[in-house]
Amino acid sequence: MKICLVRIDDRLIHGQVATVWVKAVGCNRIIACSDEAAADPLRKALLLQVTPPGIKSYVLPVDKAIEVYKNPKNSDFKTLFLLTNPTDVLRMVEEGVDIKSVNVGGMCYKHGKVLITGAISVDKQDVESFRKLHDRGIELEIRKVASDSKIDLMTLDLPFKE
């Protein structure tokens, strides 16, 4: 399987992904990796409805997405992986998914999180996962849309110091 893009965006599949990112990265598959979304039939159905024509999409639990990645039958997939948080990305990497770069798009503010950009809020677990991904040599770049210039997440003043 060719990984075209791994993106953290807590909205998963939405208009910007369906209209811009899919074309920018040239994928033929979208795999939204979320245990919560995969377990919610209504959310899953809504996410699948916004998939652009000509693209196959799936909403899978993280463990199932790892199985799909490892299955040789899927070698022709050019995949855009969407996840909601860096901890799930780290889980995929630790299970053998060959991720070289992560695009950090949107992580909404919730209680206990700290806003680090206009679109990204993190908690201690998020920061720890980002640091572990960075320590593995994985690029962590911030771009809301494909035409934005990349910003290295690790150059920001991250909260929750080690």
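Modeller: The structure holds 1 aromatic pair, where rings of Phe, Tyr and Trp (its six-membered ring) pair if their centres lie within 6.5 Å, and planes under 30 degrees apart count as stacked, over 60 as edge-to-face and the rest as tilted. Y58 and F77 form this pair: their ring centres are 6.4 Å apart and their planes lie at 15°, so the pair is stacked. Y58 belongs to strand β3 (residues 56–60) and F77 to the loop between α4 (62–70) and β4 (78–83), so the pair ties together parts 19 residues apart in sequence. Helices (H or I, at least four residues) and strands (E, at least two) are DSSP runs, numbered from the N terminus.

This is a predicted model, in which local features need pLDDT of at least 70 and side-chain atom pairs count only at pLDDT 80 or more, while totals for chains, interfaces and linings use all residues. Residues are numbered from 1 along each chain as its sequence is written, and side-chain values use heavy atoms, with hydrogens and water left out.

F77 is buried, with a relative accessible area of 7%, whereas Y58 is partly exposed at 26%; buried means under 20% relative accessible area, exposed over 50%, and partly exposed in between (1.4 Å probe, protein chains only). R29 lies over the face of F77, 4.1 Å from the ring centre. For such a placement, NZ of Lys or CZ of Arg must be within 6 Å of the ring centre and within 35 degrees of the ring normal.

Leaving aside neighbours within four places in sequence, M92 is in contact (heavy atoms within 4.5 Å) with C33, V62, I66, F81, L83, V97 and I99.

The backbone nitrogen of A37 lies 3.0 Å from a polar atom of the side chain of S34. S34 sits in the loop between β2 (29–33) and α2 (35–38), and at 0% relative accessibility S34 counts as buried. Beyond its neighbours within four places in sequence, S34 is in contact with L12, R43, L60, P61, V62 and T84.

Technical notes
Polar contact = N/O pair within 3.5 Å; in protein donor to acceptor, adjacent residues only side chain to side chain.
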